[in-house]
Amino acid sequence: MIAVLGLIVGVVVGLVVRPVVPTVVEPYLPIAVVAALDAVFGGLRAMLDGIFDDKVFVVSFLSNVVVAALIVFLGDKLGVGAQLSTGVVVVLGIRIFSNAAAIRRHVFRA
Amino acid sequence: MATDETPEPEQKPEPQQGRGPADRRPMPPESRPAPAAASAEGTDSPKPDDTQQNAGKPADAGVPAAEAEDKASGTPQNGRQRLAASLWPPRLTRAQLIVALLLFILGLGLAIQVRSTSDSSALRGARQEDLVRILDELDNRSQRLTEEQRRLEGQKTELENSSDQAEEARKQTVEKEQQLGVLAGTVAAQGPGITLTIDDATHSVEADKLLDTVQELRAAGAEAIQVNDVRVVANTYLSDVSGGVQIDGKRVAQPYRFKVIGKPEDLEPALNIPGGVVQTLEKEQAKVSVTRQRKIIVDALREAKRPDYARLSSR
């Protein structure tokens with residue numbers, strides 16, 4: 001419950017305060033957000049499976065974000081940033097979908 | 001397609017299960033996660049109460065209230081119940097706080113990203129190479145447009161020139177038409193010149209004398225000549241008829257009045273030179289007078305005749 005509240009508060013704060021993101025970080029933000037979403041869906045699935053562990057969640061969340069940003073950064077340096085970020089989004093999207101399917105089976109039994 | 005989270009906690013407590021979490025279907029989750037969760041706690045929980053132990057497990061292990069609640073209900077655990085249990089009675093635990101913090105960060109990033117993509121142009125979030133590409137495209141486009149502009153301006157100048165030229169040509173044509181009209185006798189003309197009057201009482205002046213006069217005037221630079229009311233032009237002919245002279249088939253009566261446009265200083269001496277026209281005519285008993293005038297109007301006209309046979313031989 002508090003976690004859900006945290007999400008809501010984060011969205012509200014982001015919309016209201018309108019913080020300025022440094023331009024260095026700006027290109028990596030969307031990928032980082034998608035990676036974090038993937039971690040969150042994975043965590044939700046783990047929780048429904050009953051194997052949720054906060055430490056694992058924290059580590060996976062942070063590593064997901066860092067690795068995703070790193071891949072995009074590397075891609076930018078190699079000149080294939082657009083393709084690599086597309087690839088990252090595709091992979092994360094597939095994972096999100098599979099996690100969402102698992103969650104759906106738990107919640108709706110279907 | 002296993003997630004990061006599913007395998008790790010599973011493998012940590014129970015390595016002997018091996019590949020289990022990656023392949024298994026989550027349909028009967030309550031049977032297998034239960035021992036995993038229990039052993040994750042570090043306590044080898046006995047079988048009988050593993051449902052109870054499992055109850056509070058996913059969200060926050062070790063909260064007595066939750067366990068008590070689940071114990072009281074005594075229902076078999078599944079994902080849905082776990083979700084509901086973790087959602088409703090809000091519990092302030094380390095795990096919840098950490099997850100809340102991370103989700104707060106996620107929400108913040110999400111909101112910022114949505115904001116920045118929705119409130120500003122598409123260029124804001126674009127990356128360097130995309131921007132370079134867009135810039136290139138814009139450069140190309142502006143180059144193309146500049147080229148087109150140059151082409152159109154050239155066309156415009158050309159058209160202006162050609163319309164200027166057409167105007168010039170039209171002016172020249174009008175001018176030439178007027179010049180030729182004076183020569184052909186189709187337009188009236190005015191200018192300095194002389195009048196020559198031949199009063200021939202004895203009718204001794206014949207067509208050849210008049211022709212000589214006209215030739216003399218032409219030789220002296222006469223530009224337009226009129227005899228009485230007949231314009232004298234290139235194809236004018238003179239012929240004798242009984243008791244007079246016809247010019248271009250029209251009879252001209254006495255006295256013959258020549259109106260001549262030209263340089264008076266040239267015309268008058270040309271007529272008056274010794275043995276010239278005037279003397280010859282006076283020999284024929286005609287009275288001849290020549291006067292210079294500042295302004296002569298030659299207004300007898302001939303109609304322009306379209307040639308039947310003669311055609312332009314070149315452009």
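Which residues have the most contacts inside the largest nonpolar core? They are Ile31(A), Ala32(A), Ala35(A), Ala36(A), Leu103(B) and Leu106(B), and the core has 41 residues. A nonpolar core here is a set of buried Ala, Val, Leu, Ile, Met, Phe, Trp, Tyr and Cys residues joined through C-beta atoms within 7 Å. A residue is buried if 20 or more other C-beta atoms lie within 10 Å of its own, exposed if 12 or fewer, and partly exposed in between, with the C-beta atoms placed from the backbone.

Before going on, a word on what you're looking at. This is a predicted model, where local features need pLDDT of at least 70 and side-chain atom pairs count only at pLDDT 80 or more, while totals for chains, interfaces and linings use all residues. Residues are numbered from 1 along each chain as its sequence is written, and chains are lettered from A and ligands numbered from 1 in the order in which they are written.

At least two of its residues come from each of helix H1 (2-17), helix H2 (29-49), helix H3 (54-78) and H4 of chain A, and from helix H7 (94-119) of chain B. (Helices, H or I with at least four residues, and strands, E with at least two, are DSSP runs numbered from the N terminus.) H2(A) gives the largest share of this core, 13 residues. For a close-up, take Leu106(B): leaving out residues up to four places away in sequence, Leu106(B) touches Leu7(A), Gly10(A), Val33(A), Ala36(A), Leu37(A) and Val40(A). Touching, or being in contact, means that two C-beta atoms, placed from the backbone, lie within 7 Å. There's also a second, separate core of 33 residues, and Val205(B), Val278(B), Val288(B) and Val290(B) are among its members. In soluble globular proteins, nonpolar side chains tend to be buried together.

Now follow helix H4 of chain A, residues 81-108. Its 28 residues reach 39 Å from first C-alpha to last, close to the 40 Å expected at 1.5 Å a residue; that expected span is 1.5 Å times one less than the number of residues. The buried residues of H4(A) include Ser85(A), Val88(A), Leu92(A), Arg95(A) and Asn99(A). An α-helix has 3.6 residues a turn, so residues three or four places apart point the same way. Just past H4(A), Arg109(A) has a positive phi of about 55 degrees.

Chain B is where the sheets come in. One is an open sheet of five strands in the order S3-S2-S7-S1-S8, with antiparallel pairing; two strands pair if DSSP finds at least two bridges between them. Strand S3 (230-232) and strand S8 (287-298) sit at the edges with a single partner strand each, so one side of each has no neighbour in the sheet. From one strand to the next, the twist averages 25 degrees. Strand S7 (residues 256-261) is mostly covered, with five of its six residues buried. S7(B) pairs with S1(B) over six bridges and with S2(B) over four. Look for Lys259(B) in S7(B): Thr195(B) stands opposite Lys259(B), and Lys259(B) is also the bridge partner of Gln226(B).

The other sheet is open too, with three strands in the order S4-S5-S6 and antiparallel pairing. Its twist averages 40 degrees from one strand to the next. S4(B) and strand S5 (residues 244-247) pair over four bridges, and Ser239(B) has Gln246(B) as its bridge partner in S5(B). H9(B) packs on this sheet, touching S4 and S5, and its direction makes about 155 degrees with that of S4(B). Such angles run from 0 to 180 degrees between N-to-C directions, with axes as lines fitted to C-alpha atoms, for helices over the stretch in contact.

Glu206(B) lies in the loop between strand S1 (189-199) and helix H9 (207-219) of chain B. Glu206(B) counts as partly exposed because it has 15 C-beta neighbours inside 10 Å. Not counting residues up to four places away in sequence, Glu206(B) touches Asp240(B) and Val245(B).

Chain A has a mean of 86, and chain B a mean of 75. Over residues 1-76 of chain B, pLDDT stays under 50. The complex gets an ipTM of 0.83 and a pTM of 0.42.

Conventions: pLDDT = per-residue confidence, 0-100.
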